[in-house]
Amino acid sequence: MTTIKIWKHFPREDLYECYQCARCTGSCPAMQVAPAIGPRGAILKCLNLGHDEVVEDEKIWLCCTCNVCEDRCPQKIPISDLLVALRNSAARRGNIPSRLGVAIELLAKTGRSMIVHQLDEMRAHHGLAPLPPAPVEEVRKILKKTGLEEVVEI
């Protein structure tokens, strides 16, 4: 399993610019619907415990990368970039939520991340043509190139 240090991809010094105003967390939609780690929590945990502790926490996957945290941050810390780097590091370690693993497996097999039953009938009902076949081989090439093939059983 490949492990990368996120500090190659995210400037750790940026985290020290945070003065804990919590505007990021107060605006986070993920924090409003689930007990997510939150942008401020991710920064604090990285600073106090190191990124290895953060990537073990499944809550990092609750971020919807809407970038509201960055828009609200008076210090302009690229928090979404931090969370994406943390998730990439977690994925390389195999720390992917099972439901996401299932979606990736389905994507590899069908070219789509979810199956909608009677999709063609629903599209026809709305006057739409059936969807073209998904480019499964192209999707598999992308999964292989990104290394997801090694992380998730496909």
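Student: Which residues are buried in helix 3?

Tutor: The buried residues of helix 3 are Pro 39, Ala 42, Ile 43 and Cys 46. Seen down the axis of helix 3, these buried residues fall within an arc of 100 degrees, so they line one face of the helix. The arc is taken over the directions from the helix axis to the C-beta atoms. Buried stands for a relative accessible area under 20%, exposed for over 50%, and partly exposed for what lies in between, with a 1.4 Å probe and protein chains only. On the other side of helix 3, Asn 48 and Leu 49 are exposed.

Some ground rules apply. This is a predicted model, in which local features need a pLDDT of at least 70 and side-chain atom pairs count only at pLDDT 80 or more, while totals for chains, interfaces and linings use all residues. Residues are numbered from 1 along each chain as its sequence is written, and side-chain values use heavy atoms, with hydrogens and water left out. Helices and strands are DSSP runs numbered from the N terminus, a helix being H or I over at least four residues and a strand being E over at least two.

What lies over the buried residues of helix 3 includes helix 1 (23-27), helix 4 (51-55), helix 5 (68-72) and helix 6. The packing with helix 6 can be described in more detail. Helix 3 covers residues 39-49 and helix 6 covers residues 79-92; the two pack at an angle of about 65 degrees, with their axes 10 Å apart. Axes here are lines fitted to C-alpha atoms, for helices over the stretch in contact, and angles run from 0 to 180 degrees between N-to-C directions. Helix 3 passes helix 6 in a left-handed crossing. A crossing is left-handed if the near helix is turned anticlockwise from the far one by less than a right angle, and right-handed if clockwise.

From helix 3, Pro 39, Ala 42, Ile 43 and Cys 46 make the contact, and from helix 6, Ile 79, Leu 82, Leu 83 and Leu 86. Contact means heavy atoms within 4.5 Å. Sorted by class, the contact of helix 3 with helix 6 has eight nonpolar, no polar and no charged residues. In this sorting Ala, Val, Leu, Ile, Met, Phe, Trp, Tyr, Cys and Pro count as nonpolar, Asp, Glu, Lys and Arg as charged, and the others, Gly among them, as polar. Just after helix 3, Gly 50 takes a positive phi of about 95 degrees.

Helix 6 also holds Ser 89 and Asn 88. Ser 89 counts as buried, at 1% relative accessibility, whereas Asn 88 is partly exposed, with a relative accessible area of 38%. For Asn 88 and Val 55, 33 residues apart along the chain, the C-alpha separation is 8.8 Å.

Helix 7 (residues 98-110) and helix 9 (residues 136-146) pack at an angle of about 135 degrees, with their axes 7 Å apart. That makes helix 7 oblique to helix 9; angles under 35 degrees count as roughly parallel, over 145 as roughly antiparallel, 65 to 115 as roughly perpendicular and the rest as oblique. On the helix 7 side are Ile 104, Leu 107, Ala 108, Lys 109 and Thr 110, which meet Val 136, Val 139, Arg 140 and Leu 143 in helix 9. By class, this contact has six nonpolar, one polar and two charged residues. Lys 109 touches Val 136 and Arg 140, leaving aside residues up to four places away in sequence, and is partly exposed at a relative accessible area of 49%.

As for the whole, the protein chain has 10 helices and zero strands. Of its 154 residues, 34% count as buried. Its C-alpha trace spans about 55 × 35 × 20 Å along the principal axes. Among contacts between residues at least 6 apart in sequence, 65% join residues at least 24 apart.
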